[in-house]
Amino acid sequence: EKDIESQLPLVGKICLITAGPTYEAIDPVRFIGNHSSGKMGAALAMEMASKGAQVILIMGPSHVLTDHHLIHRINVKTAQEMYDHVHENINEADYAIFSAAVADYKPINPADQKIKKKSETLTIQLVKNPDILASVGAMKNRPYLVGFALETENELEHAFAKAEKKNTDLLVLNSTRDKGAGFGKDTNKITLIDRNQKTFVFDTKPKTEVAKDIVNEIIKRTL
Ligand code: CTP
Ligand code: CA
């Protein structure tokens with residue numbers, strides 16, 4: 001007979017997860033965004049919850065469902081809103097997983113009214129968004145921290161630098177070279193990078209299975 005502890009090893013733990021894209025307003029009817037579906041973050045939330053963790057899911061615009069009695073979902077639009085909700089909740093978290101595809105820049109001055117079509121060219125000035133993951137990595141008392149990285153060249157080299165800069169315990173490198181991986185797809189191919197720059201390569205598989213691999217690795221390393 002399996003005891004409850006081995007089936008639900010994360011009972012009593014709190015996990016904060018960011019997921020999905022962010023939308024940054026250009027004017028009242030337009031935005032800058034990206035093609036993130038939120039599927040990977042949703043799969044991670046479901047997997048952490050199925051292991052007994054209480055999940056705070058801070059989700060950008062996404063139609064993906066995440067119904068589970070242990071998941072508290074907070075829907076946000078912008079990077080700034082995501083940042084604010086992360087910092088409202090981060091102090092109670094034992095784990096934090098940052099899978100959101102946060103917009104790196106936002107329009108510096110969103111127009112109050114719809115921008116009318118006039119000149120042949122239009123320039124929109126952008127300003128950097130806060131780096132949510134890096135801001136948590138810099139905290140003194142921080143949860144066990146898992147970040148994601150998407151690279152299109154020198155993947156490992158860039159990912160190592162990202163892990164160090166953002167102070168992650170585990171970095172999930174999304175392979176963009178693989179046909180089955182990426183935005184909107186149901187499968188993903190990842191490489192995990194730990195604090196010692198040790199790498200663990202996984203096969204292409206459904207995002208639900210990728211989530212199991214990541215969560216198993218987290219459990220192995222923290223319990
Ligand atoms: N991230 C974040 N806040 C941002 C940008 C990124 O929390 N403003 C997080 C992502 O959720 C991810 C990690 O940082 O976990 C890496 O995101 P990525 O876009 O790969 O890296 P960047 O640091 O934004 O660098 P670049 O896009 O230039 O490669
Ligand atoms: Ca980025």
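The model is predicted: local features need pLDDT of at least 70 and side-chain atom pairs count only at pLDDT 80 or more, while totals for chains, interfaces and linings use all residues. Residues are numbered from 1 along each chain as its sequence is written, and chains are lettered from A and ligands numbered from 1 in the order in which they are written.

We can begin with the overall picture. The chain holds six helices and 14 strands; helices (H or I, at least four residues) and strands (E, at least two) are DSSP runs, numbered from the N terminus. Its radius of gyration is 18 Å, close to the 17 Å given by the globule rule for 223 residues, so the chain is as compact as a globular protein of that length. Here the radius is taken over C-alpha atoms, and the rule is 2.2 Å times the number of residues to the power 0.38. Along the principal axes, the C-alpha atoms fill a box of roughly 70 × 40 × 35 Å. Of the 223 residues, 38% are buried, where buried stands for 20 or more other C-beta atoms within 10 Å of the residue's own, exposed for 12 or fewer and partly exposed for values in between, with C-beta atoms placed from the backbone. Two residues are in contact if their C-beta atoms, placed from the backbone, lie within 7 Å. Among contacts between residues at least 6 apart in sequence, 61% join residues at least 24 apart.

The sheet comes next. Eight strands make up an open sheet of mixed pairing, in the order β5-β4-β1-β6-β9-β10-β12-β13; strands pair if DSSP finds at least two bridges between them. At the edges are β5 (71-75) and β13 (199-201), each of which pairs on one side only. From one strand to the next, the twist averages 15°. Axes are lines fitted to C-alpha atoms, for helices over the stretch in contact, and angles run from 0 to 180 degrees between N-to-C directions. Helix α5 (residues 155-166) packs on this sheet and touches β9, β10, β12 (190-194) and β13, its direction making about 145° with that of β9.

Strands β1 and β6 run parallel and are joined by four bridges, and the bridge partner of I17 in β6 is I97. Four bridges also join β6 to β9, again in parallel, and here I97 has V146 as its bridge partner in β9. From β9, the pairing continues to strand β10 (residues 170-175) in the parallel sense over six bridges, where E151 has S175 as its bridge partner.

Ligand 1 is surrounded by 15 residues, the closest being F98, V102, I132, L133 and F148; a residue counts as near if its C-beta atom, placed from the backbone, lies within 6 Å. Two or more residues of this shell come from each of α4 (132-137) and β9 (144-151). The largest share, four residues, is that of β9. By class, the shell has nine nonpolar, three polar and three charged residues. Ala, Val, Leu, Ile, Met, Phe, Trp, Tyr, Cys and Pro count as nonpolar, Asp, Glu, Lys and Arg as charged, and the others, Gly among them, as polar.

Y83 lies in helix α3 (residues 79-89) and counts as buried because 21 C-beta neighbours lie inside 10 Å. Beyond its neighbours within four places in sequence, Y83 is in contact with P130 and I132. Y83 and P130 are 47 residues apart in sequence, and 7.4 Å separates their C-alpha atoms.

K13 belongs to the loop between α1 (4-7) and β1 (14-19). With 20 other C-beta atoms within 10 Å, K13 is buried, and its contacts, leaving aside neighbours within four places in sequence, are with A53, D94 and Y95.

K114, in the loop between β7 (105-107) and β8 (126-128), is exposed because 11 other C-beta atoms lie within 10 Å. Not counting residues up to four places away in sequence, K114 touches D27, P28 and V29. K114 and I26 are 88 residues apart in sequence and 8.8 Å apart in space, C-alpha to C-alpha.
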